[in-house]
Structure formats: structure tokens, C-alpha cells
Amino acid sequence: MSEIVVGYDGSEASKVGLEKAAEAAKALGDRLVLVFGYAPGGYGGGEVPAQREAVRDIAAAATAAGAALAEAAGV
């Protein structure tokens with residue numbers, strides 16, 4: 001068993017990518033791993049911590065939705 005890693009941000013393009021990755025994972029008996037990468041700029045002062053937290057919240061919501069889609073696809 002291997003892993004298929006797919007970037008997912010909730011966009012229409014990432015939904016198609018997730019669908020195709022789920023099909024491949026199911027056919028191959030592989031695990032599916034969703035990722036959402038982010039890295040706010042700056043050195044951590046000012047608004048950077050708030051921005052980081054806001055993007056982290058968006059990432060958590062997007063990957064939770066993606067995980068639900070993957071589970072519905074049987075992966």
C-alpha cells in the first residue's frame with residue numbers, strides 16, 4: 001500500500017484532482033493524503049500571526065470538506 005498525495009484547497013480544479021486521485025487510490029488500494037500548503041510572509045510581527053491563523057482556519061475547513069468527499073468516494 002502506497003500513498004497518493006493531492007493538494008486540496010476547495011477550488012473546482014482541486015475537486016477534480018481529488019476525484020481523480022480518489023479513483024486511483026481506490027483502484028490501487030492506496031491511501032489518499034490531502035495537503036494544503038501555506039506560509040504567510042514576514043517575520044511574525046504585526047498582522048502576520050492573525051493572517052497565519054486565518055489561513056490555517058481556511059485550510060482546516062477545506063481539508064475537512066475534501067476528506068468528506070474522499071470518504072464518500074470510498075477512500
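## Conventions

Two residues are in contact when heavy atoms of theirs lie within 4.5 Å. This is a predicted model, in which local features need a pLDDT of at least 70 and side-chain atom pairs count only at pLDDT 80 or more, while totals for chains, interfaces and linings use all residues. Residues are numbered from 1 along each chain as its sequence is written, and side-chain values rest on heavy atoms, with hydrogens and water left out.

## Fold and overall dimensions

The chain has 2 helices and 2 strands, with elements taken as DSSP runs numbered from the N terminus (helices: H or I, at least four residues; strands: E, at least two). Read from the N terminus, these elements follow the order β-α-β-α. The radius of gyration of the chain is 15 Å, well over the 11 Å that the globule rule gives for 75 residues, so the chain is more spread out than a compact globule; the radius is taken over C-alpha atoms, and the rule is 2.2 Å times the number of residues to the power 0.38. Along its principal axes, the C-alpha trace spans about 50 × 20 × 15 Å.

Of the contacts in the chain with a separation of 6 or more, 62% are accounted for by residues 24 or more positions apart.

## Surface and burial

Of the 75 residues, 21% count as buried, where buried means under 20% relative accessible area, exposed over 50%, and partly exposed in between (1.4 Å probe, protein chains only). The accessible surface of the chain comes to about 4,900 Å², and 57% of this surface belongs to carbon and sulfur atoms; the areas come from the Shrake-Rupley method with a 1.4 Å probe, and for residues only the protein chains shown count as cover.

## Helix H2

Helix H2 covers residues 48-72, and its 25 residues reach 36 Å from the first C-alpha to the last, close to the 36 Å expected at 1.5 Å a residue, the expected span being 1.5 Å times one less than the number of residues. Its buried residues are Val-48, Ala-59, Ala-62, Gly-66 and Ala-70, and they pack against helix H1 (12-28) and strand S2 (31-35). Just after H2, Gly-74 takes a positive phi of about 90°.

## The surroundings of Ala-59

Ala-59, found in helix H2, is buried with a relative accessible area of 8%. Leaving aside residues up to four places away in sequence, Ala-59 touches Phe-36 and Tyr-38. Tyr-38 lies 21 residues from Ala-59 along the chain, and the C-alpha atoms of the two are separated by 8.4 Å.
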